[in-house]
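Me: I am new to this structure and would like to go through its sheet. Could you show it to me first?

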Amino acid sequence: MVPLGLDPGEERRIVEGLVSKVSRSAGRPPTRGDDWLQALAVHLARTHLDRVAGCEVRPAGVRWVSTMSHRWGSCTIDTGRIRISDTLARAPQHVVEAVVFHELVHLLEPGHTARFRSLERLHPDHELARNWLRGWSAGHAAARGRLAGPPDDADGDAAIDGPDDADGATEWDAAIDGPGASSEGG
Ligand SMILES: [Zn+2]
């Protein structure tokens with residue numbers, strides 16, 4: 001793929017260009033677009049939440065975003081819109097499901113209350129996904145040469161939407177479970 005006869009500098013630039021192209025295309029499988037995410041949310045709500053809620057729990061929209069680096073997902077309560085970090089685009093399906101489900105539960109319960117936790121556990125892979133996310137965060141923290149700290153919320157429970165990325169106040173490894181609900185007014 002690299003033409004012959006290039007000087008080393010030019011060759012390096014071409015290779016770096018190819019690498020960054022591949023990295024970008026590796027971000028999100030074409031089968032997992034926003035439509036897939038939206039359909040997944042409806043499926044999860046229908047399967048696990050509608051009956052206990054006594055109504056149809058439907059987000060106004062669900063989409064991937066590439067701008068969230070400190071948390072896995074967010075739910076803007078006022079608008080009913082859910083955003084999922086595309087860091088998770090290639091994560092196992094049960095992990096994406098659990099994160100989407102966590103945000104769906106926020107439509108019923110804004111804070112990480114006891115009711116929230118019990119609703120969140122209606123997803124059968126909740127614990128499994130939480131552990132996967134913890135491992136992922138620890139791995140990233142280690143890769144960045146930092147010690148992974150404990151979750152920053154008081155109960156030490158792992159969260160999914162994590163601290164608000166808007167205020168830039170928190171670190172990736174503290175974002176497994178965020179302290180707060182997610183009406184960030186976006
Ligand atoms: Zn949350």
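Me: Which residue is the bridge partner of Cys75 in β3?
Reply: In β3, Cys75 is bridged to Ile82. This is a predicted model, in which local features need pLDDT of at least 70, side-chain atom pairs count only at pLDDT 80 or more, and totals for chains, interfaces and linings use all residues. Residues are numbered from 1 along each chain as its sequence is written.

Me: And what stands opposite Thr76 in β3?
Reply: Arg81 stands opposite Thr76. Strands β2 (residues 73-76) and β3 (residues 81-85) pair in the antiparallel sense over 4 bridges. Strands pair if DSSP finds at least two bridges between them; strands (E, at least two residues) and helices (H or I, at least four) are DSSP runs, numbered from the N terminus.

Me: How many residues lie between β2 and β3 in the hairpin?
Reply: There are 4 residues between them, and Gly80 in the turn has a positive phi of about 75°.

Me: What is the strand order of the sheet?
Reply: The order is β1-β3-β2, in an open sheet of 3 strands with mixed pairing. β1 (61-65) and β2 each have a single partner strand, so one side of each is left without a neighbour in the sheet.

Me: Changing topic, which strands does helix α2 touch?
Reply: Helix α2 (residues 34-53) packs on the sheet and touches β1 and β3. Contact here means that C-beta atoms, placed from the backbone, lie within 7 Å.

Definitions and conventions:
Two residues are in contact if their C-beta atoms, placed from the backbone, lie within 7 Å. Axes are lines fitted to C-alpha atoms, for helices over the stretch in contact, and angles run from 0 to 180 degrees between N-to-C directions.
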